[in-house]
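Have the model open as you read.

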Amino acid sequence: MSELRYEAPASLKAAAALLAKEKGLAKILAGGTDVIVQMETDLIEPELLVDIKKIAVLRKITAEKGGFRIGAAVSGMEMMEHAALCKSWPGVLDGVKLIGSIQVKARATVAGNLCNGSPAADSVPPMITAGAVARIVGPKKTREVPVEEIPLSPGKTNLAKGEIIESFFLPKRPKNSGDAYERFTPRTEMDIAVVGVAINLTLDADGVCTAARVCLGAVAPTVIVSKECAAALVGTKVDQAALDKLAAAASAACRPIDDKRGTIEFRTKVAGVLARRVAVKALERARRIA
Amino acid sequence: MSKKHHLAMNVNGDDYEFLCETHQSLLDVLRDELMLTGTKEGCATGDCGACSVTLDGRLACSCLVLAVECEGAKIGTIEGMARGDVLHPLQRNFLELNGLQCGICTPGILIAARSLLERNPDPSETEIRYWLAGNLCRCTGYDKIIRSVQAAAKEMRGA
Ligand code: FES
Ligand code: FES
């Protein structure tokens, strides 16, 4: 076994260079709540850890173009304590609040939740419905990528060797918009989603839904962005008929597996039930957040 | 393997310098290098909360933090909770109201509860239960833990 090395560079460029030139397995260490557990349980044996928490720009939430830029090393608790962010994107925060215990959220980051590559990650569906765009810095170039394009399969992302998520951009909120995320778990806390649903919608002055994004978690190898679900809402007042169509579309979009936490049949049914609930919650928020 | 990092951190107001390896967690260092064994290990994977400490004022699992990440950090552990022989109100109420049985979860729960009361001196039962959701207890059934925290909170508010 070769020795595990630790680096805590002060710039993103230096971090990307360290990752790019490493021959063995190199891991980014942000919150560490997945990486350290994977090391402890011998799932991975990295040779290099690159701690990105000393890179100042990665630690900040800043206002940008009426929206927010969230640095990749910002912890869940820091997001939960940011009043303006919570007010603007309550659905994103629904997801963040469900990531583990207070202790875990003190360290864990949304970037880590995404890069860990689990289809059950709680913060990923609401980040996708929010239209979040990741800024990815690599040794050669910087690219902007919508969050939904990052997960490829369980544990795999489209980040190349040497690339690091620098931040996420959450756009300015149109008027009368609301988002929400809920998941089903056997326990109330400290559990992994059996099904998760995020919805972000915008209403016009008459209360008609003009735009919607719907994302399902834990019911396929990656999170699913469902156009059919969104279509069930757009043009309606999100009434019973629209909710029925949404629920049917959500169940139809599922491609789940059977496992100890839920059967295919159960997950398919619950996706519809949750979609309906989450739509109602997003609707209430859209009416409240003028 | 040689210990290759020379680090300094402050634990409960005292400065420490120590040597450690990259893979050693903050929990490992507290217990094995600094001999502060009040912080317990239940799982080493972030599930049980027995290893809870404060890290620069924030409640965290010391098993989920590498010691090398803590250069210059301020750590709070159970050893810093009582003032000499005078127990913290949380500690006293846990004793009086049987908030512990075997006691292995207790240091972590006390640290977590103190961190809650610093932020919210008058939490509801639901808020206490959610805040402590990351601290498992095999013995008490939790109810007496909640009562002990409520009693300590009340006392600390001077109510
Ligand atoms: S020992 Fe750290 S959470 Fe269990
Ligand atoms: S008192 Fe035994 S685990 Fe809590």
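Let's start with L19(B). Setting aside neighbours within four places in sequence, L19(B) is in contact (heavy atoms within 4.5 Å) with K3(B), H5(B), H6(B), Q24(B) and E33(B). The residue lies in strand β2 (residues 14-20) of chain B; helices (H or I, at least four residues) and strands (E, at least two) are DSSP runs, numbered from the N terminus. L19(B) is partly exposed, with a relative accessible area of 45%; here buried means under 20% relative accessible area, exposed over 50%, and partly exposed in between (1.4 Å probe, protein chains only). From L19(B) to I111(B), 92 residues apart along the chain, the C-alpha atoms are separated by 26 Å.

A word on the ground rules: this is a predicted model, where local features need pLDDT of at least 70, side-chain atom pairs count only at pLDDT 80 or more, and totals for chains, interfaces and linings use all residues. Residues are numbered from 1 along each chain as its sequence is written, chains are lettered from A and ligands numbered from 1 in the order in which they are written, and side-chain values use heavy atoms, with hydrogens and water left out.

**Where the chains meet**

The contact draws 30 residues from chain A and 30 residues from chain B. Between them the two chains bury about 2400 Å², 65% of it on carbon and sulfur atoms. Buried area is the accessible area (1.4 Å probe) that two parts lose on being put together, summed over both. There are four salt bridges between chain A and chain B, a salt bridge being a side-chain nitrogen of Lys or Arg within 4 Å of a carboxyl oxygen of Asp or Glu. R58(B), for instance, forms a salt bridge with E81(A). On the chain A side that touches chain B, the elements giving two or more residues are β1 (5-7), α2 (35-40), β3 (48-51), α3 (76-80) and α6 (102-105) of chain A. That side of chain A divides into 13 nonpolar, seven polar and ten charged residues.

**Salt bridges**

Over all chains, the structure has 25 salt bridges. Among them are these:

| Pair | N to O distance |
|---|---|
| R58(B) and E81(A) | 2.7 Å |
| R5(A) and E22(A) | 2.7 Å |
| R59(A) and E78(A) | 4.0 Å |
| E64(A) and R69(A) | 2.7 Å |

What does the R59(A) and E78(A) pair tie together? R59(A) lies in the loop between β3 and β4 (61-64) of chain A and E78(A) in helix α3 of chain A, so the pair ties together parts that are 19 residues apart in sequence. R59(A) is partly exposed at 37%, and E78(A) is partly exposed at 25%. In the other pairs, R5(A) is partly exposed at 33%, while E22(A) is buried at 9%. R69(A) is buried too, with a relative accessible area of 9%.

**An aromatic pair**

The structure holds one aromatic pair over all chains. F184(A) and F266(A) form it edge-to-face, 5.2 Å centre to centre with 70° between the planes. Rings of Phe, Tyr and Trp (its six-membered ring) pair if their centres lie within 6.5 Å; planes under 30 degrees apart count as stacked, over 60 as edge-to-face and the rest as tilted.

Note on methods
Ala, Val, Leu, Ile, Met, Phe, Trp, Tyr, Cys and Pro count as nonpolar, Asp, Glu, Lys and Arg as charged, and the others, Gly among them, as polar.
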